[in-house]
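Hi everyone, thanks for coming. Let me put the structure on the screen, and then we'll walk through it together.

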Amino acid sequence: MAVFKDASEVYLCIGGLFRRALTEPLAQKVSDSKISVRFNYSDPDSAITVDAKNPPPGEPYTIYEGDINFKPDVVMSMKADVAHQFWLGKVNLVAALAKGQMKAVGPIQSIIKLIPVIKPAFELYPQYLKEIGRADLTQ
Amino acid sequence: MATGYMGRLLRVDLSAGRLEDLPLDQDWLRRYIGGSGLAARYFAEAVRPADGGPARPDPLGPDNELIIMTGPLAGTPFPSASRFNVVARSPLSGIWGESSVGGFFGPHLKFAGYDGIVVTGASERPVYLAIDDGRAELRDASDLWGLDTYEVHARFSPDGWRVLAIGPAGERLVRFASIVHDRAHVAGRGGLGAVMGSKRLKAVVVRGRQEVPLADRATIDRLRRELIERGKESLTLQTYREVGTISSIELSLMVGDMPTKNWREGLWEEGLQALGGNNYNATILTGRRTCFGCPVSCKRVVRVDDQPYRVEQGPGPEYETVAAFGTGLRVDNPRAVARMNDICNRQGLDTISCGGTLAYAFEAYERGLIGPADTDGLELNWGDAGAAVALTQRIARREGFGKLLGEGSQRFAATLGPGADEFLMTVKGVEVPYHDPRAMHGLALQYATSDRGASHLSGLTFYAELGMAYIPDLGVEPPDSAQTSDGKAALHARAQDAGQALGGALALCYAGGSIVTGEEAVAALNAATGFDHSVEEFLTTGRRIWTLKRLINGAFGMTRADDRIPARFREPLPDGPAAGLVPDIERQLAEYYSLMQLDESGQPDPSEVERLGLSDVASCLAPAKAHPRRHRVDAQEGLVL
């Protein structure tokens, strides 16, 4: 059984993580990366884009849920379950890519640049889930 | 006669100045394939007591055999299979020494008509070995002696020779001297350059136009096409091409594998930014190179224009070197790292052991165990790239303090008295490569039981834990967690068999070859040789090779007591993703010994030896009674020999 019952849960939990991160030091790292990343999820179908390339003035980045009308630098595709486990810090990124559980398309240097950026989110995600009353998903 | 091979070895007796061709033993080809596996079988003959007595070659004496061996895929169109192995008894560890090298020398040795070279004896004067399309001869090298490896390369390469040479460090018997091919490809580990130096063999140069015979060329060609197409989709191979092995700096963040300040710290944000792949590309990268027949191009070309770290355009540092001279010493300047890499390549020094020995010296200095009076006046403070550069040059020349450091960190530590081994980062005398077993617990077992001292390349355990080795048909898959000891003994046993077969016997590159399945590797082997190996037999070959090397090490006095990890790996890191974690090495070892059927002394059980068809050679490799690797201080030289 999938972790998220529909796209709105994906946006609440994983999209919410990115919104929650806006107030954390992590936001500055994302902003400094100056890249845009689209996460395509399946089961349930959903998509979240984090754009640090063209953010609004004063904001570190913009979050889009669903379709977008520009080409992101990096596209990462995976099941929403894998994404959930990934943000919990329970998925080895390199192994997931090797096994085909994740696919990444885009300039390698941009993808490499993402790694130090996203690392702090692993601690933030379970904390955020508890804050929104979804501690059940941290197990 | 199996195809895939040229069918002969060149045996060189430098003492007698005699060269002879040896036919390849067909039974051994089937059972050891090539590379370090086949080399181990030939080497075992040299360990054998000729008169039944305890004949054990002195690593730097004339009886030590230095063997250069290719695999059956070298020189064929199969991609990422151009590597060859250099083996000998290591002057750094006193046990089996092995180093794998890429580039072009292996294929061109076969084009010159030979699968391998066995060198014994020692010449009275400097010589080099030239093999010119099937004709081999020893030539005077008086005018080459003292040249660095780039100068030797420049002397020969314009005439189409492929060059394997030692630098001044090998001539001066630095115990971690390397052998350098084409300026960029290095047999770094174990001090095999010093073995060449002890024989006064400055270089081996080869050229030729012979073709490698193949049993089934069509299959090799098909596999090549398929692998090249797959490689275009592989993020791993794209990463190797774009960022090189330096991508490990960034990837290390995922698991906490960032050895810093002689392994005391596990997270260094400034170092990550300064030394990582993106800044490397932005500051020093000027191009990329590749090995024979490999579409990946993971090799870096760099240039530094400004003093004090000026480097002419040439081979750039790879991950291990960046970590050894960068994070290990807390030097955050990629230009300084490139300079130290350049010195090591030219002079012929292993960058891992050199950086590890420097880091040890820096900590000894910090602890007050040594001072400026010991270091020729140099102050060894973390991050001082100038001091590191100066010491690297002195090690190569064996000058002053560099003479002592040129013995390696373990022998240096023995001069410092009690407690000095608390921060010594070696296994069996070999400095640990820059991956932290507190971040990948199975790696602790790999280090402890490797056939050549600390090595992350003796099997595929490290790559499996990192996530890069996914070869289900060889039983190698990334574990659920790198940071647990659960299940790691079984993983290591499988990954070791696979690694010994793929990287050891078949001489396949772990990087470019990371997309090759077990079935494809075996198909390529069979297509080259005409053998009918199954995947199962291939894995048994890996086990046979590891067991033979274990028997050889037993003959050199190695026991279970030597299967250990540095004390620091039992201390948790204070920071980073691996903070607070240590591997349970005792449990892993106990499980591993059981799986591998090793007895109380650490030697393979006779039933396992028989199952693997090693009884004939095992009877001649009886374990030494006395441990041969005791160190002593020479009162006059101040060295530990």
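Let me start with a question: which residues have the most contacts inside the largest nonpolar core? They are B:Phe43, B:Ile67, B:Ala203, B:Ala388, B:Leu506 and B:Ile552, in a core of 257 residues. Before we go on, please keep in mind that this is a predicted model. The helix that gives the most to the core is α14 of chain B, residues 351-366, with nine residues.

Setting aside the neighbours within four places in sequence, B:Leu506 is in contact with B:Ile33, B:Gly34, B:Gly35, B:Gly71, B:Leu73, B:Ala81, B:Ala501, B:Ala521 and B:Leu525.

Now zoom out to chain B as a whole. Chain B has 641 residues, and 62% of them are buried. You can count 25 helices and 17 strands in chain B. Its C-alpha atoms fill a box of roughly 60 × 55 × 55 Å along the principal axes. If we take the contacts in chain B with a separation of 6 or more, 72% of them come from residues 24 or more positions apart.

Next, some strands. In chain B there is an open sheet of three strands, in the order β13-β14-β15, with antiparallel pairing. Why do β13 and β15 each have one side without a neighbour in the sheet? Because β13 (285-289) and β15 (311-315) stand at the edges, and each has a single partner strand. On average, neighbouring strands of this sheet are turned by 15 degrees against each other, ignoring direction. Four bridges join β13(B) to β14(B), residues 299-304, and B:Arg289 stands opposite B:Lys299 of β14(B). Across β14 and β15 of chain B lies helix α13, residues 334-347, which runs at about 70 degrees to β15(B).

Here is another pair in chain B that I like. Strands β7 (residues 127-132) and β8 (residues 135-140) of chain B are antiparallel and share six bridges. They form a hairpin with two residues between them, and B:Asp133 in the turn has a positive phi of about 50 degrees. Look along the pair and you'll find B:Ile131 opposite B:Ala136 of β8(B).

Over to chain A, where β4 (residues 74-79) pairs with β5 in the antiparallel sense over four bridges. Here A:Met78 stands opposite A:Met102 in β5(A). Strand β5 of chain A, residues 102-105, has two faces: A:Met102 and A:Ala104 are on the covered one, A:Lys103 and A:Val105 on the uncovered one.

Finally, where do the two chains meet? On the chain B side, 21 residues are in contact with 15 residues of chain A. The elements of chain B that give two or more residues to this side are α8 (235-242), α9 (247-255) and α11 (277-283). Sorted by class, this side of chain B has eleven nonpolar, eight polar and two charged residues.

Helix α5 of chain A, residues 108-118, packs against α9(B) at an angle of about 35 degrees, with the axes 9 Å apart. The crossing of α5(A) and α9(B) is left-handed. A:Ile112, A:Ile115 and A:Pro116 of α5(A) make the contact with B:Ser247, B:Glu250, B:Leu251, B:Leu253 and B:Met254 of α9(B). By class, that contact has six nonpolar residues, one polar and one charged.

How values were computed
Residues numbered from 1 in each chain as written. Chains lettered and ligands numbered in written order. Predicted model: local features only at pLDDT ≥ 70, side-chain atom pairs only at ≥ 80, totals over all residues. Core = buried A, V, L, I, M, F, W, Y, C linked by C-beta atoms within 7 Å. Buried ≥ 20, exposed ≤ 12 C-beta atoms within 10 Å, placed from the backbone. Contact = placed C-beta atoms within 7 Å. Pairing = 2+ DSSP bridges. Nonpolar A, V, L, I, M, F, W, Y, C, P; charged D, E, K, R; others polar. Axes fitted to C-alpha atoms, helices over the stretch in contact; angles between N-to-C directions. Left-handed = near helix turned anticlockwise from the far one by under 90°.
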